[in-house]
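Here is a friendly walk through some helix packing and a few loop residues.

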2 protein chains.
Amino acid sequence: MAYRLILSYRGTRYSGWQRQPNAITVQEKLEEALSRVAGERVKVVAAGRTDRGVHAAGQAVSFLPGPRLPDLPARAWVHGTNRLLPEDIRVLAAEEVEAGFHARRDARGKEYRYRLRRCAVLSPLESLFVLQVDPALDLNAMRLASEALVGRHDFSAFALSGGVPGPPVRTVERVVWHEDGESLNFLIVGNGFLRGMVRSIVGTLLEVGLGRRSADGFPALLQDSSRGEAGRTAPAHGLTLERVFY
Amino acid sequence: MAYRLILSYRGTRYSGWQRQPNAITVQEKLEEALSRVAGERVKVVAAGRTDRGVHAAGQAVSFLPGPRLPDLPARAWVHGTNRLLPEDIRVLAAEEVEAGFHARRDARGKEYRYRLRRCAVLSPLESLFVLQVDPALDLNAMRLASEALVGRHDFSAFALSGGVPGPPVRTVERVVWHEDGESLNFLIVGNGFLRGMVRSIVGTLLEVGLGRRSADGFPALLQDSSRGEAGRTAPAHGLTLERVFY
């Protein structure tokens, strides 16, 4: 029997999800805690390999415990692991899944959220999770451009190097801009995302909103375009992996 | 001409507002930054002397600059000071006020917010600002007890020692519990607050909500009661000074 965990973390002080030498990562912290609970080395797989500084509200993680702990109830992984994790990482829930379950390969889709606020000065109560943007931002132009994202496209123009090799075609199912006073939330649901894709999309849409790029030219980027044609990558701290669909 | 600043800070790593030896405080950080902008020592007065770990969304601060900078426009204090402040403190706005203005003595009232969430595990995206509470909490009982707070009362039972000397009578103008899914927000508006008063009220109301204290006994605390009769003080990180009324 394997387990699936739902994980939340503030990415602020981590070099992203994925384990790497000479850097503190979420994967390393989680594997350390799970291994202490299990009494043996545990290795995990995450649905989304979030970059440095990106947060998660509902990351999905799978692992197969070794023979020493075959029957530990799912909730024991929640409580045992949370007692050992740093305060900025928490297991929200755990459930038993089939032994062959793989959090990344089996994921049908993911939802990301990018938070922005149109204001002159951003409150420190928000600044860990929100990007401050110019109050004059033209949200209508950004909404118009965003519509082109929905569907199956080659997203090469929005991919950072160093991502997963393979075809750059992904399907975006839904894109929403929520507006609540000064606050803006960009929600995007898709079957998969290239490395840096959401932040590159947001950065490019911001150029549209600021009048530095026309909304009309946006759809042309969703073809066999190279990275240099899209806009700058928006900062990591505004981005959160909201949830993973199975 | 004096100035009034609207200040926001995450209280997480500060020993409260008020300057004190051998501790990092918000007042010290703000006075350091303002003094560098002014080119001479600036001393400030805040409307609310928030305790260690308490946040502010709209703290009000007044100061009288010295003769060397009589005509600096208000917005120069915003930009100049923010460049020198740590990232967890920001001046949101500044305006010129009469020379005799005093942020604390002239305040007509303040609004505080206490954030709670009824859940098994609290997400690290919220945990800097929100208290996790038992999902079984009886909000109706807490609402009922809260009604007794409104009006002019002796709040001694809810005061921590070390506060301002003087009569412990204050007027609470409004108390609201907002519920949104698992999230609870307690809002309280009053003409003044004793030291630790909001956190003691919330702690005592939580005892009502958890069935450890009856809602019927709550009004009796709003008389000439001593501190020992109220409940425990709720943690500082859930509390935010929202705004100050003039």
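## Helices α3 and α4 of chain B

Helix α3 (residues 139-146) of chain B and helix α4 (residues 197-209) of chain B pack with their axes 8 Å apart, at an angle of about 135°. α3(B) and α4(B) are therefore oblique to each other; angles under 35 degrees count as roughly parallel, over 145 as roughly antiparallel, 65 to 115 as roughly perpendicular and the rest as oblique. The axes are lines fitted to C-alpha atoms, for helices over the stretch in contact, with angles running from 0 to 180 degrees between N-to-C directions. Helices (H or I, at least four residues) and strands (E, at least two) are DSSP runs, numbered from the N terminus.

The crossing of α3(B) and α4(B) is right-handed, a term used if the near helix is turned clockwise from the far one by less than a right angle, with anticlockwise giving left-handed. On the α3(B) side the contact is made by B:Ala141, B:Met142, B:Ala145 and B:Ser146, and on the α4(B) side by B:Leu205, B:Leu206, B:Val208 and B:Gly209; contact means heavy atoms within 4.5 Å. By class, this contact of α3(B) with α4(B) has six nonpolar residues, two polar ones and no charged ones. Here Ala, Val, Leu, Ile, Met, Phe, Trp, Tyr, Cys and Pro count as nonpolar, Asp, Glu, Lys and Arg as charged, and the others, Gly among them, as polar.

## About the model

This is a predicted model, in which local features need pLDDT of at least 70 and side-chain atom pairs count only at pLDDT 80 or more, while totals for chains, interfaces and linings use all residues. Residues are numbered from 1 along each chain as its sequence is written, chains are lettered from A and ligands numbered from 1 in the order in which they are written, and side-chain values use heavy atoms, with hydrogens and water left out.

## Helices α1 and α2 of chain A

Now turn to chain A. The axes of helix α1 (residues 26-38) and helix α2 (residues 74-84) of chain A come within 9 Å and cross at roughly 120°. α1(A) and α2(A) are therefore oblique to each other, and their crossing is right-handed. α1(A) brings A:Leu30, A:Ala33, A:Leu34, A:Arg36, A:Val37 and A:Ala38 to the contact, and α2(A) brings A:Trp77, A:Gly80, A:Thr81 and A:Leu84. The residues of this contact of α1(A) with α2(A) divide into seven nonpolar, two polar and one charged.

Buried residues (under 20% relative accessible area, with exposed over 50% and partly exposed in between, for a 1.4 Å probe and protein chains only) in α1(A) include A:Val26, A:Leu30, A:Ala33, A:Leu34 and A:Ala38. Their cover includes β1 (2-9), β2 (44-46), β3 (55-63), α2 and β4 (89-97) of chain A. Just after α1(A), A:Gly39 takes a positive phi of about 75°.

## The loop between β1 and α1

What is the phi of A:Asn22? Phi of A:Asn22 is near 60°, a positive value in a residue other than glycine. A:Asn22 sits in the loop between β1 and α1 of chain A, and it counts as exposed at 84% relative accessibility. In chain B, phi of B:Asn22 is near 60°, and B:Asn22 counts as exposed at 85% relative accessibility.

A:Gly16 is also placed in the loop between β1 and α1 of chain A, but at 4% relative accessibility A:Gly16 counts as buried. Not counting residues up to four places away in sequence, A:Gly16 touches A:Thr25, A:Val26, A:Thr50, A:Asp51, A:Arg52 and A:Gly53.
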